[in-house]
Amino acid sequence: MSYGIVDALQKEGCFLDEERDVIAYGIKQGERFILSVIGTLILGFVFGIPLIAAFFLLSFIPLRKYAGGYHAKTSFRCTLISILSISCCFQLINIIAGKVAIEYVICGLIPCIVIIGLLAPVSNSNKSLDAMEIRAYKSITRKILLVESICFFISMLFNANAICYAIMSTIILEAISLVVGYVQNKKITHRRDKI
């Protein structure tokens, strides 16, 4: 599909021939993004929490973009891991909703917030970050985390549980992704040092 769009754009003279692969890559990434949003919303309906799924996307996308974390080596693995991890988050929400006091949720969130604040950003082999990018991404991540934490507490005060659960699952999932990505990067660095 992406190459059909690229062909149409190229016929219109929208870009130079040498830009074709870059344009195709961008369109392919856009398609994957749209499919992941639709997939997350479908999972929200399957788990009976469509509103929470929508709020999850609103909080997860910006945090993930700047904090980074684990990245699978193939598109198929990425899709599979994403489906499984989001399903686990949504199942966790179904398990704790109305059964676990919000104070316990906060106790679980605080270590995750600290992990994100300390580890982010975590780069990967597809996108390594230079020192300036690391400072910028760290700053943006911390600002997003602050805004999401404030939104969580305001939502808690007004009993807006859908927002609380969405932000909770975002922060937990991103903390796990950062730890796994950090460990993965250490293993890669360790292997390179041995060579």
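**Entry 1: Arg64**

I started with Arg64 and listed what it touches: leaving out residues up to four places away in sequence, I found Gly69, Tyr70, His71, Glu174 and Ser177. I note here that the model is a predicted one. I placed Arg64 in helix α3. Is Arg64 buried or exposed? Its relative accessibility is 19%, and buried means under 20%, so Arg64 counts as buried. I then looked at where its side chain goes, and found that it reaches the backbone oxygen of Tyr70 at 2.4 Å.

**Entry 2: the salt bridge**

Side chains of opposite charge can pair when their charged atoms come close. I searched the whole structure for salt bridges and got 1. It joins Glu174 to Arg64, with the closest N and O atoms 4.0 Å apart. Which parts of the chain does the pair link? I found Glu174 in helix α7, residues 161–194, and Arg64 in helix α3, residues 50–67. These are distant parts of the chain, as the two residues are 110 residues apart. I checked burial for the pair, and both Glu174 and Arg64 are buried.

**Entry 3: α5 against α6**

Next I looked up two packed helices. I took α5, residues 102–119, and α6, residues 131–157, and noted an angle of about 170° with the axes 10 Å apart. Angles over 145 degrees count as roughly antiparallel, so α5 and α6 are roughly antiparallel to each other. The contact of α5 with α6 has 11 nonpolar, 3 polar and 2 charged residues. On the α5 side I wrote down several residues, including Ile102, Leu109 and Gly117. On the α6 side I noted, among them, Lys138, Arg142 and Phe152.

Notes
Residues numbered from 1 in each chain as written. Predicted model: local features only at pLDDT ≥ 70, side-chain atom pairs only at ≥ 80, totals over all residues. Heavy atoms only, no water. Axes fitted to C-alpha atoms, helices over the stretch in contact; angles between N-to-C directions. Helix = DSSP H or I, 4+ residues; strand = E, 2+ residues; numbered from the N terminus. Parallel < 35°, antiparallel > 145°, perpendicular 65-115°, else oblique. Contact = heavy atoms within 4.5 Å. Nonpolar A, V, L, I, M, F, W, Y, C, P; charged D, E, K, R; others polar. Salt bridge = Lys/Arg side-chain N within 4 Å of Asp/Glu carboxyl O. Buried < 20%, exposed > 50% of the residue type's maximum accessible area, 1.4 Å probe, protein only. Polar contact = N/O pair within 3.5 Å; in protein donor to acceptor, adjacent residues only side chain to side chain.
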